[in-house]
Amino acid sequence: MTNAKDLRHELATRKAITRLLPVLGIAYFMSYVDRTNVALAKTALAADVGISAAAYGLGAGLFFVSYALLEVPSNLVLYRVGARVWITRIAITWGLVSAAMMFVADDVSFYVLRLLLGAAEAGLFPAMMYMVTQWFSQKHRVTIVGLIYTAPCVAVIIGSPLGGALMELHGVGGLRGWQWMFLVEGLVTVLIGIVVWFALPGRPQDAKWLTAEEAAILTERASAQDTPSPTRVRGNLRRAFGRPTVLLLGAIYLINQSIGGGIGFNFPAYIQSLGLSSPFLIGLVAGSGGISALAGVLFFPWFKRRHGHEVALIGVCASAVLVVLVGFLVSRNPVWSISLLFVSNFFAFGTLPLFWSVAMSRLSGLMAAAGLAFINMLGITGGFIGPYVYGLIESSTGSLVVPYYVFAAAAAVALALVPALAVAIRRDAVRDQPSSVVAERKAARSSVNRSSRA
């Protein structure tokens, strides 16, 4: 039965969801807009600046190189200075760099600004995941992560048409359309960084809208099922980065993001190759894929709450992505091809809340700050690999479809890693049990063996 303390915890959790998620969501929304709006500018950058498909693929991917390299250091700083300070810093600096993308003049400036953008944004997502471990109990985390992931889905739905509309300002004030897009969206992000400073408490104890009792129960329940965490990374590198569960999660996430990045950064160009020319309409069609992604991040947490089996659901999503990509490759109908890519979004995005729920249940404290950043670093590396490989293949073959053969093969590898992940999680569960429980089980097994011999 639900007792009074459980009811107080549920009430405090609803307060935290209402107050925190809009702030985190709008920040994540703009981060996704600012990192992916370059996809809408791909053709215009080629025409106005002379950036080739290979150079575009490299530049699009370089964002993820600096992002990945600074993920862990960024989250370690977050652990020391607090979420409010660090997420504010991240938002303001990446907004300024995003606005500076309007000054791209050649391949080199494109590369430099994309590297700076990745460096500025590094740590945002693992910072949000770390905040989830500080505020919400394990049973609520898959739902919270699913709600956070609605932000990039909405960014795809709204951001792509919005970016296309801004590009229609071509010629206004002597600026090209893509310059207007980068400028406006970057400055909006700076304003959101200021909002974060005033609206985001770092810990439950810092929230003025919580009573002391509510803050205490949120903190207590958030850490109730966590394993003890060291307070220093030095000497604990294997625990933070080297456990098989962490490495397998990182590998699956790397493949997921490679496929998503490769397709996402080139999807508008694929749509344009089918004969659509209006930037707004291209953005509208590209943005429609966010609807299926939004459905996925809402459906799978709901399904998991009722039926459990996170790892099995991750396997279902991996299988579905592989099947859909194969269907895309054999399809010769443009409408079916685009529809299949929308279906792939449902499963590729839908697996992410499950994925992070598994990760957060195995890490706590400083190890959560470091380990979650490490997993995201590997995933972000996939964000570089996907666009870069796509650009190389497109440049060498002249085809926007051939890269999908590589992505289908990568999806098959991700699916093969899921059973290994399940085994690693079971072994972690045994290793992390209190020694008294392990001793009791050994004693019980010994008793059974003696009885059977008798």
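How many disulfides does the structure hold? The structure holds 0 disulfides, a disulfide being a pair of cysteine sulfur atoms within 2.5 Å.

Before selecting anything, note that this is a predicted model, in which local features need pLDDT of at least 70 and side-chain atom pairs count only at pLDDT 80 or more, while totals for chains, interfaces and linings use all residues. Residues are numbered from 1 along each chain as its sequence is written, and side-chain values use heavy atoms, with hydrogens and water left out.

**Stop 1**

Select cysteine 153. Its relative accessible area is 0%, so cysteine 153 is buried; buried means under 20% relative accessible area, exposed over 50%, and partly exposed in between (1.4 Å probe, protein chains only). Then select cysteine 317, which is buried because its relative accessibility is 1%.

**Stop 2: helix α2**

Select residues 42–49, which form helix α2. Helices (H or I, at least four residues) and strands (E, at least two) are DSSP runs, numbered from the N terminus. Looking down the axis of α2, you find its buried residues within an arc of 160°, so they line one face of the helix. The arc is that of the directions from the helix axis to the C-beta atoms. Just after α2 comes glycine 50, with a positive phi of about 85°.

**Stop 3: helix α6 and tryptophan 135**

Move to residues 124–135, helix α6. From first C-alpha to last, its 12 residues reach 17 Å, close to the 16 Å expected at 1.5 Å a residue; the expected span is 1.5 Å times one less than the number of residues. Is α6 mostly covered or mostly uncovered? Helix α6 is mostly covered, with 11 of its 12 residues buried. Among them are Leu124, Phe125, Met129 and Trp135.

Now select tryptophan 135, which is found in α6. Tryptophan 135 counts as buried because its relative accessibility is 0%. Leaving aside neighbours within four places in sequence, its contacts (heavy atoms within 4.5 Å) include Ala16, Leu20, Arg203, Trp209 and Ala222. Draw a line from tryptophan 135 to arginine 203: they are 68 residues apart in sequence and 7.2 Å apart in space, C-alpha to C-alpha.

**Stop 4: the core**

The largest nonpolar core has 141 residues, and Met129, Trp135 and Trp356 have the most contacts inside it. A nonpolar core is a set of buried Ala, Val, Leu, Ile, Met, Phe, Trp, Tyr and Cys residues joined through side-chain atoms within 4.5 Å. Select residues 334–360 next: this is helix α16, which gives the most to this core, with 14 residues.

**Stop 5: aromatic rings**

A pair of aromatic rings is described by the distance of the centres and the angle of the planes. Rings of Phe, Tyr and Trp (its six-membered ring) pair if their centres lie within 6.5 Å; planes under 30 degrees apart count as stacked, over 60 as edge-to-face and the rest as tilted. The whole structure has 27 aromatic pairs.

Select phenylalanine 328 and tyrosine 404. Their ring centres are 4.3 Å apart and their planes are at 35°, so the pair is tilted. Phenylalanine 328 lies in helix α15 (residues 310–330) and tyrosine 404 in helix α18 (residues 403–431), so the pair ties together parts 76 residues apart in sequence.

Finally, select Tyr28, Phe125, Tyr149, Tyr253, Phe355 and Trp356, which ring pairs link into a cluster.
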